[in-house]
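Welcome! Have a look at the sequence and the 3D picture below, and then let us walk through one part of it together.

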Amino acid sequence: MTQCKPLPPVELLRELFDYDPATGVLTNRVRRSTRLPGTRAGTRRPDGYWLVGVNKKMYLLHRVAWAVHFGAEPEGFLDHRDRNPSNNSLNNLRVSDYSKNAANVLSKRQFPGVTWDKGKWTAKFRTRYLGRFDTEKEGSTAYMAAHLAYFGEHSIYAET
């Protein structure tokens, strides 16, 4: 299972950065290379996540922002509630574990959780058999209900 990279000391992060919890923007407090105080910190990756460099190492900006705001590293993973990795506002971040964080990922399939088997649609959630259905949509509905029951507010199918 993936581990989160430990952050630099919170005291150092608070010397280097300010965090606006409403906008999710991290700004430089001091001059850092070519970046002036008051300018936005970090670089956006192609997948939407922001990274920030400290002592020649790169860290996920949302984890740094959490540490600056709360004065401690998050316990475990941080999940973006709205699944937008660029939205680092405090109300969009929540502490999670690996499994719950992975549950908040959109499926690329129109009807997730089902496979075609011997003339019927079979639905399974994790290792749990949910049944055989006449339509792909019925099977997928059963899968979504099981996903929601198991992961609760972390489920991709929870109301946001």
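Which residue just after α2 takes a positive phi? That is Gly71, with a phi of about 80°. A word on the background: this is a predicted model, where local features need pLDDT of at least 70, side-chain atom pairs count only at pLDDT 80 or more, and totals for chains, interfaces and linings use all residues. Residues are numbered from 1 along each chain as its sequence is written, and side-chain values use heavy atoms, with hydrogens and water left out.

Now to the helix itself. Helices (H or I, at least four residues) and strands (E, at least two) are DSSP runs, numbered from the N terminus. Helix α2 covers residues 61-70, and because eight of its ten residues are buried, it is largely enclosed by the rest of the structure. Here, buried means under 20% relative accessible area, exposed over 50%, and partly exposed in between (1.4 Å probe, protein chains only). The buried residues of α2 include Leu61, His62 and Trp66.

Leu61 belongs to helix α2, while Asn88 sits in the loop between β6 (77-80) and β7 (93-96). Their accessibilities are listed here:

| Residue | Relative accessibility | Class |
|---|---|---|
| Leu61 | 2% | buried |
| Asn88 | 2% | buried |

What does Leu61 touch, leaving aside its neighbours within four places in sequence? Its contacts (heavy atoms within 4.5 Å) include Leu26, Trp50 and Asn88.
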